Structures are given as structure tokens and as C-alpha cells.
Amino acid sequence: MNLNSLDLNLLVALDALLREANVSRAAMRIGLSQPAASHALQRLRDLIGDPLLVRNGARMELTPRAQALRAPLAQTLDQVRALFIADEFDAARSERQFRLMMPDLAVELLMPPLMEKITKAAPNVRIDVVPWRGPAIFTPEFARTIDLVISIGNAFTGFHRQRLYTDGDALAVRRGHPAGARLKRIETFLDARHVAVVIRGQSDDLIDMWLRPKGIERRIALVVPGYIEALHVAARTDLVAFVPRRLIAALSKQLSLATVTPPLDPGIDEQFMFYPTRAQMDPGSIWLRNIMLGIGREMERASKRAA
């Protein structure tokens with residue numbers, strides 16, 4: 001049979017005729033007039049080469065060929081309908097693996113509350129975090145493996161962006177640092193020795209990229225690839241780390257760090273969640289994104305309470 005010549009609506013009519021074994025009831029079942037249902041039956045007889053319904057006294061009966069078609073036809077129509085219904089995501093039973101790309105500060109701030117929620121709702125779901133890489137080395141092949149990105153900016157092609165939370169930058173120093181609060185003064189700030197953070201895929205610390213057009217150069221004594229490393233060094237030396245304020249607060253007690261307001265305010269940082277356009281309607285992606293957005297809202301509410 002040439003499927004190009006087949007009107008798939010005939011399969012719906014055939015299913016109704018086989019279920020009802022009556023043209024009038026079949027017509028009512030699928031919203032056709034009786035003449036239209038009779039016409040569909042005649043076309044089906046011609047296509048299949050079998051009468052399908054035959055009269056036996058006052059009622060109609062299915063032929064053996066029609067009887068044989070009932071189960072496979074119903075199964076086929078169910079499969080066709082399923083093509084247009086999105087799969088549900090059953091978090092409690094899912095064993096899905098999600099790959100997230102984020103810098104170390106996002107791991108520190110987001111992963112503990114995320115894993116707490118996932119452990120309760122989806123104990124068999126696995127989260128893989130891969131190191132953050134800049135847009136310049138975020139290749140299409142790599143992008144296809146990623147479910148979520150946490151980052152600033154808006155440079156990830158093929159990804160939608162939603163704001164997750166806001167932050168600001170501050171100076172992290174060890175408690176008892178000899179300069180201490182004097183780092184609020186520009187002269188002391190410029191005289192201090194700094195640890196810079198240059199993340200993979202970047203050529204410079206974002207703070208220096210902001211300061212340089214203003215004609216300001218910090219004294220860089222050390223360059224590290226992540227914010228966590230910068231804070232650990234600052235906690236055990238007299239170096240100064242210019243890093244996100246939320247991260248200092250999260251580790252201040254553990255590392256004996258103090259937060260100092262810098263003499264130059266780079267303003268508000270916006271941290272975004274990016275998800276692939278291809279996964280916009282994916283139930284599993286929607287589930288994970290909603291959890292992450294909820295964590296972001298909780299962080300913002302906590303900041304307002306502390307202000």
C-alpha cells in the first residue's frame with residue numbers, strides 16, 4: 001500500500017467501526033454524519049480488500065479480517081497519539097543524569113541547597129558538574145552535552161537566559177589583616193598585594209577588566225583559576241581577594257575571613273541560569289530549572305532580610 005495515498009483519518013474511522021460494529025454508532029463516536037461514515041467504510045473496504053462489516057439479520061458483524069485488525073489498530077493509534085503528548089517527568093522514580101556547567105562560586109552557593117532538594121524529591125537523579133568555560137571555548141559539541149549553565153553575561157548561543165540572583169563584589173582578607181578596614185581607602189587598596197581570579201576561557205580577572213579603563217591597575221601578586229582558591233590564599237596570607245560578596249559570607253566563618261567594602265564599587269552582578277533552547281519544553285529540564293529558580297529566590301529573600 002502507498003501510504004502517501006492514505007488519509008490517516010480513515011484509521012480513526014476504522015477504529016470506531018471496529019469498536020462499534022455499527023455505522024451509526026461509529027459516526028456518533030467520532031463526530032461524523034452517517035453518510036460520511038458509510039463513505040469511509042466503503043473506502044476502507046476498497047483499500048483493505050475486505051468487507052469488514054457484513055449484515056447478519058438485523059445487525060452487522062465483523063469479518064475475521066476486521067476482528068484481526070482491532071487490537072493492532074488500537075495499539076497503533078495509541079502510539080500515534082503518544083507522539084504528540086510530552087513525556088512526564090517522575091522525579092521520585094527518575095534515574096536521569098543532568099550535566100551542569102558553573103564556576104566554583106556557583107558550586108559553593110548553589111549545590112548544597114540544590115542537592116538537599118534533589119535528595120528529597122529525586123533520590124536517584126544524578127548531577128554532574130563540569131568546570132566552567134568561557135563562550136570562546138564553549139563549542140557546539142560541548143554545548144549539546146549541557147543541561148544548565150550558571151554564569152554572568154549573555155554569550156551562550158542556543159541557550160535561553162533567566163536571572164537567578166544578584167550579588168556585589170567586596171574585598172576578602174584574613175581576620176587580623178594588618179591593613180584591615182584601611183583597605184576602604186583607595187591608597188591602601190592600590191598599595192595592597194592582590195590575588196586575581198582568571199577563569200578558564202578568560203584572559204583577565206573581571207575586576208581588572210572593569211578597573212583598567214578607569215586607569216587603575218592593581219598590584220597582582222598571584223593569579224588563580226577560581227574564587228575558592230583565591231579565598232583560601234587570602235585566609236592564610238596578607239593578599240587581598242576582590243570577589244563576590246555572597247561567597248565571602250558563605251566561607252567567612254570556616255576560613256576566618258573578614259569582608260571589607262572596596263573604595264571602588266563595581267555595582268551589582270547578575271548571575272544567570274542558561275538552558276538549551278532544545279530543552280525549553282522538556283519536563284525534566286523544567287523541573288530542574290524550577291528548583292534552581294526557587295533557590296535563587298530564597299537567596300534574594302535572605303539578602304533582603306539581612307539588609
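Trainee: Quick one to start. Is Asp147 buried or exposed?
Mentor: Asp147 counts as buried, at 15% relative accessibility. Buried means under 20% relative accessible area, exposed means over 50%, and partly exposed lies in between (1.4 Å probe, protein chains only).

Trainee: What kind of model is this?
Mentor: This is a predicted model, in which local features need pLDDT of at least 70, side-chain atom pairs count only at pLDDT 80 or more, and totals for chains, interfaces and linings use all residues. Residues are numbered from 1 along each chain as its sequence is written, and side-chain values use heavy atoms, with hydrogens and water left out.

Trainee: Back to Asp147. Which side chain does Asp147 meet in a salt bridge?
Mentor: Arg96, at 4.0 Å from N to O. A salt bridge here is a side-chain nitrogen of Lys or Arg within 4 Å of a carboxyl oxygen of Asp or Glu.

Trainee: Give me another. What does Arg219 form a salt bridge with?
Mentor: Asp191, with the closest N and O atoms 3.9 Å apart. The pair links distant parts of the chain: Arg219 is in strand β8 (residues 219-224), Asp191 is in helix α7 (residues 186-191), and they are 28 residues apart. Arg219 is partly exposed at 42% relative accessibility. Asp191 is exposed at 54%.

Trainee: And Arg218, which side chain does that one meet in a salt bridge?
Mentor: Asp208, at 2.9 Å from N to O. Asp208 lies in helix α8 (residues 206-211) and Arg218 in the loop between α8 and β8, so the pair ties together parts ten residues apart in sequence.

Trainee: Is Asp208 buried or exposed?
Mentor: Buried, with a relative accessible area of 4%. Arg218 is buried as well, at 6% relative accessibility. There is also a network: Glu20, Arg25 and Arg29 are joined by salt bridges that share partners.

Trainee: New topic. What does the UniProt annotation covering residues 6-63 say?
Mentor: The record, an unreviewed entry, gives "domain: HTH lysR-type" for that span. UniProt positions are given in the numbering used here, feature names are shortened, and annotations may be inferred rather than shown by experiment. In the model, residues 6-63 are 60% helix and 14% strand, with their end C-alpha atoms 22 Å apart.

Trainee: What is the phi of Ala21?
Mentor: Positive, about 50 degrees, although Ala21 is not a glycine. Ala21 lies in the loop between α1 (9-20) and α2 (23-30). Leu52 is not a glycine either, and has a positive phi of about 65 degrees.

Trainee: Where does Leu52 lie?
Mentor: In the loop between α3 (34-48) and β1 (53-56). Leu52 is buried, at 2% relative accessibility.

Trainee: Last one. How many Å apart in space are Gln67 and Leu222?
Mentor: 80 Å, C-alpha to C-alpha, and 155 residues apart in sequence. Gln67 is in helix α4 and is partly exposed at 44% relative accessibility.

Key. Helices (H or I, at least four residues) and strands (E, at least two) are DSSP runs, numbered from the N terminus.
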